[in-house]
Amino acid sequence: MDENEWLAERFERERPRLRAVAYRMLGSVTEADDAVQDAWVRLSRTGSSGIDNLGGWLTTVVARECLHQLRSRRRRREVPFDAHLPELIVSDADLDPEQEVLLAEALGVALLVVLERLAPAERVAFVLHDMFDLPFADIADVVGRTPAAARQLASRARRRVNGAEVPRPDSDLARQRKVVDAFYAAARQADFDGLLQVLDPDITLRTEHGADRPASVVRGAAAVADQVRVPGGGRLRPILVNGAIGALITRDEQPYSVLVFTVADDRIARIDVLRDTDRVHQVAAAVVGQPN
């Protein structure tokens with residue numbers, strides 16, 4: 001095996017972890033894949049000479065590219081009103097147990113929305129340290145700060161994440177489904193009391209309409225239960241979204257919305273609703289092959 005083949009083999013072993021790092025930083029599968037591919041191009045050109053830790057080197061290269069993209073995104077003011085839902089990782093809900101276990105470990109949508117609010121260097125430091133256990137000396141090299149400053153970035157990000165009180169979802173998808181099914185049943189029957197039984201008292205319902213409008217937010221079980229409506233002519237297709245129970249709603253056979261449920265302690269603690277027409281059609285295309 002020559003060096004190029006050896007490098008390609010090693011890189012493919014690292015690719016899943018690198019994609020996970022990049023997705024958590026960027027909230028975009030497409031941009032994450034681009035960042036990982038850029039790392040491969042650089043590695044294939046330079047070779048492994050002088051690289052003692054290939055995995056660490058690749059992580060640094062990917063993280064720097066992600067930081068560059070985050071800073072460019074901020075300069076372009078791509079998020080004018082509020083943090084937006086990330087690019088969703090969707091799949092059909094009919095999975096075998098092994099696939100379900102893998103998806104259950106995916107990063108939840110609610111946490112990714114909070115990460116969107118962090119400054120670029122904060123997000124990079126938080127992801128690298130708190131999610132992937134990189135030492136601050138390595139993180140400092142990525143963000144161009146001292147290790148002490150990198151520690152402060154991660155600490156500041158952690159306070160903001162903890163302050164957002166992101167609910168910790170139940171890891172058992174079967175239990176999630178049971179709670180969400182009860183929610184659907186109550187919603188179809190307009191059973192207000194039944195909805196209150198499955199909604200956390202402090203639930204948040206967040207609806208994203210598109211890039212040109214701010215997200216709308218409703219809080220509290222009674223207020224959310226009052227908002228729940230089954231659209232006329234609507235049909236529901238169960239899906240998994242970033243490892244959580246979700247649904248694609250169609251209305252008159254056209255994609256209408258996407259729901260993502262965060263179930264914690266056997267109650268629904270958060271519902272994210274996507275109503276951006278283009279993005280809803282993208283989800284539909286991914287799970288049922290409908291055209292954009």
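Among contacts in the chain between residues at least 6 apart in sequence, 65% join residues at least 24 apart. Contact here means heavy atoms within 4.5 Å.

This is a predicted model, in which local features need pLDDT of at least 70, side-chain atom pairs count only at pLDDT 80 or more, and totals for chains, interfaces and linings use all residues. Residues are numbered from 1 along each chain as its sequence is written, and side-chain values use heavy atoms, without hydrogens or water.

The chain has 12 helices and 7 strands. Both are DSSP runs, numbered from the N terminus: helices are H or I with at least four residues, strands are E with at least two. Of the 292 residues, 47% count as buried. Buried means under 20% relative accessible area, exposed over 50%, and partly exposed in between (1.4 Å probe, protein chains only).

**Helix α3**

Helix α3 covers residues 54-76. Its 23 residues should span 33 Å at 1.5 Å a residue, and its end C-alpha atoms are 33 Å apart, which agrees. The expected span is 1.5 Å times one less than the number of residues. Asn53 caps the N-terminal end of α3. One of its side-chain oxygens lies 3.3 Å from the backbone nitrogen of Gly55.

**Helix pairs**

Axes are lines fitted to C-alpha atoms, for helices over the stretch in contact, and angles run from 0 to 180 degrees between N-to-C directions.

| Pair | Angle | Axes |
|---|---|---|
| α1 (residues 3-26) and α3 | about 30° | 10 Å apart |
| α1 and α2 (residues 29-46) | roughly 145° | within 8 Å |

The angle between α1 and α3 makes them roughly parallel; that term covers angles under 35 degrees, with over 145 roughly antiparallel, 65 to 115 roughly perpendicular and the rest oblique. α1 passes α3 in a right-handed crossing. The crossing of α1 and α2 is right-handed too. Right-handed means that the near helix is turned clockwise from the far one by less than a right angle; anticlockwise is left-handed.

Residues of α1 that meet α3 include Phe11, Leu18 and Leu26. Phe11, Leu18 and Leu26 are also among the α1 residues in contact with α2. On the α2 side, Glu31, Ala35 and Trp40 are among those taking part.

Gln69 lies in α3. Gln69 has a relative accessible area of 15%, so it is buried. Leaving aside neighbours within four places in sequence, Gln69 is in contact with Leu26, Glu31 and Ala35.

Ile249 lies in strand β5 (residues 244-251). Ile249 is buried because its relative accessible area is 9%. Ile249 and Leu259 are 10 residues apart in sequence, and their C-alpha atoms are 7.7 Å apart in space.

Key: A polar contact is a pair of N or O atoms within 3.5 Å; within protein, one must be able to donate a hydrogen and the other to accept it, and residues adjacent in sequence count only if both atoms are side-chain atoms.
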